[in-house]
Every structure is written in structure tokens, then in C-alpha cells.
Amino acid sequence: MNPIWEKYQNATEARIGLGRAGGSLPTKHFLQLKMDHAFARSAVWAPCDWDPLFGAIEKSGRSKVLLQSEAGDRNSYLLNPHKGKTLSLQSKNELKNAPSNVVGLKAGELVVCFVDGLSSTAISKNASSLYKALEPILAGYALTQIFCIQNGRVAIGDELAEITQAKSVLVCIGERPGLSSADSLSLYYTYGAKVGNTDETRNCISNVRPGGLSFETAVAKAEFLIKESRLQQMSGVMLKDRTDLSLLAKPKEPGGEGLQSQSIV
């Protein structure tokens, strides 16, 4: 390892300072790149293992509802992105015909769903840990059911919220895999969720995984956004995540004003 780059390489999973062998990467790094590419492809195509998440949900005293998008399989999901944005007819009917005491419908509440998205690996490996961190903040306002959706995309949460009469939705979804992060989750929060919403109405918390943003930090950000959105009755680009302002604030020094967090919007 080049000592000039060593401290930077230890601080990031990005490929920096790798050196070269002729006109290519050293064999070690070339093989690592090929392996990470294989992991990324597998994350997209591998069957999702929902059992760890199901176990965590049931252990918490809540129950799960497994739903399906219009994309019946991964091939259809990847070739027809719009099919991942809406629930299958069977899933819609199951929700609409379910008694309210079974599905836990209660207008004005938050609905939470986990979606495999573009990384089933992220759900298989990390969704249960995220749920365990998330569950304590749900006690006050979340539906009694946690919804799990196969072959879904972010916008499918809007339809779920509309059907369940929920005011807002939190979508926890497998991110598009990168070459060093095939297991990342993203959290998308939308207040006033309804079919037809576009991306500017959502807040996103990304790169949630053991090697990225911690589950606890992601949940703290989500909790702030949920509470703040209820006060301001909005989400998306107009709702700013201010959970990191304490990192920017400096104590006043003699003869100086310092940087005050109140001045940052």
C-alpha cells in the first residue's frame, strides 16, 4: 500500500491510489473489482430472503403483509419499470377487501413498507437490522402492519398510502447496487402521499448499511423528518433535514461570533 494514500484508503471504500501494472490495475485490485461487479449483479437478480425481516417484525408484536407489484418477476421488473410502481390487482383487492381491524387501517397514520427494489441483497442482509432500529419510533403513529412488497419501486408506496388512507409513507428499499455497496438501503419519506406524486415530494436517506450510514443515524433522520413534516404539513425539497446542524455549529470564541446553527437553513 502506498503510504501517501494509506490514510485515505483506510477512510473510504472508494477505489483510490490503487497503483497500476503496466496499463492496467494490479492483479489483486482487478480481481476485487470483478468480484464486486459480480456481487452487484447478484444483488439485482438474486431471490430476496424475507425471513430475517419477517422474524424481526413478528418478534416486535406487529404483523407483516406481503404484497406484489404488477411486475410478476425480476425480468419483467427490470424491463418494465412502470410495473414496479403499482400494486398487482390481486394485492390491491386483498388490501381493499381486508377488514380494517386486520390490516390496521387508520386514517392519518404513517404506513411503513419494505421493498426489494434494485437490491434484494440489501433487504436480505440489512432490512431486519433497520427495522429493529426503526420500530421504537413507530409506536405512536404507525399502522399495526408492516408491508413488504416484491419487485417494487419507490412510487409504489404512494399507492399503498392511498389505499390504506395513511397520511404519509416511509419506503425502505434496496438501492441500485454500486461496485463497493451492493447491500445499501434507502429510506424515502413522503407526506401527503398519493398516486401521481413526483420525486420532489419525497425526502431520501441513502447508503444505509454497516459500511455506510448507520441504522441508528438513518432512523434519527427519519424521525426528525416525520415529526417536522407533521408540523409543516409538507415533505420533499421544501423540508430540510437539520439533524446535522450540530456538526456545523462552533462555540463562540473571544472576539468572534463563531458559526451559529440558527443561521443555517
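Residues are classed as buried under 20% relative accessible area, as exposed over 50%, and as partly exposed in between, with a 1.4 Å probe and protein chains only. The model is a predicted one, in which local features need pLDDT of at least 70 and side-chain atom pairs count only at pLDDT 80 or more, while totals for chains, interfaces and linings use all residues. Numbering runs from 1 along each chain as its sequence is written, and side-chain values use heavy atoms, with hydrogens and water left out.

The mean pLDDT (the predictor's confidence in each residue, from 0 to 100) is 86 for the chain, and 88% of the residues reach 70 or more. Over residues 247-265 the pLDDT is below 50, and this stretch has 11 contacts in the model beyond near neighbours in sequence. A contact here means heavy atoms within 4.5 Å. Where pLDDT is low, the predicted coordinates should not be read in detail.

The chain contains 10 helices and six strands; these are DSSP runs numbered from the N terminus, with helices taken as H or I of at least four residues and strands as E of at least two. Of its 265 residues, 44% are buried. Among contacts between residues at least 6 apart in sequence, 67% join residues at least 24 apart. The chain exposes about 14000 Å², of which carbon and sulfur atoms supply 54%.

Helix H2 spans residues 27-45 and has 19 residues. From its first C-alpha to its last, H2 reaches 27 Å, close to the 27 Å expected at 1.5 Å a residue; the expected span is 1.5 Å times one less than the number of residues. The buried residues of H2 are Asp 36, Ala 40, Ala 43 and Val 44. These cover an arc of only 95° around the axis and therefore lie on the same side of H2, the arc being that of the directions from the helix axis to the C-beta atoms. The buried residues of H2 pack against helix H4 (74-79) and H7. On the other side of H2, the exposed residues are Thr 27, Lys 28, Leu 31, Lys 34 and Arg 41.

His 29 also belongs to H2 and is partly exposed, with a relative accessible area of 23%. The C-alpha atoms of His 29 and Gly 19 are 9.0 Å apart, with a separation of 10 residues in sequence. Gly 19 is located in the loop between helix H1 (3-9) and H2. It is exposed, at 51% relative accessible area. Beyond its neighbours within four places in sequence, Gly 19 contacts Leu 25 and Pro 26.

Helix H7 covers residues 120-138 and is mostly covered, with 14 of its 19 residues buried. A kink of about 55° in H7 is centred on Asn 126; the bend at a residue is the angle between axes fitted to the seven residues ending there and the seven starting there. Asn 126 is buried because its relative accessibility is 4%. Leaving aside neighbours within four places in sequence, Asn 126 is in contact with Thr 121, Asp 183, Leu 185, Arg 209, Pro 210 and Phe 215.

Thr 121, likewise in H7, has a relative accessible area of 19% and so counts as buried. With neighbours within four places in sequence set aside, the contacts of Thr 121 are Ser 42, Ala 43, Asn 126, Ala 182 and Asp 183. Thr 121 and Ala 43 are 78 residues apart in sequence, yet their C-alpha atoms are 4.9 Å apart in space. Ala 43 is one of the buried residues of H2.

Asn 207 has a phi of about 60° and is placed in strand S6 (residues 202-208). Asn 207 is partly exposed because its relative accessible area is 29%. Gln 233, with a positive phi of about 55°, lies in the loop between helix H9 (215-232) and helix H10 (245-248). At 57% relative accessibility, Gln 233 is therefore classed as exposed.

Notes: Areas by Shrake-Rupley, 256 points an atom, 1.4 Å probe, with all protein chains shown as cover.
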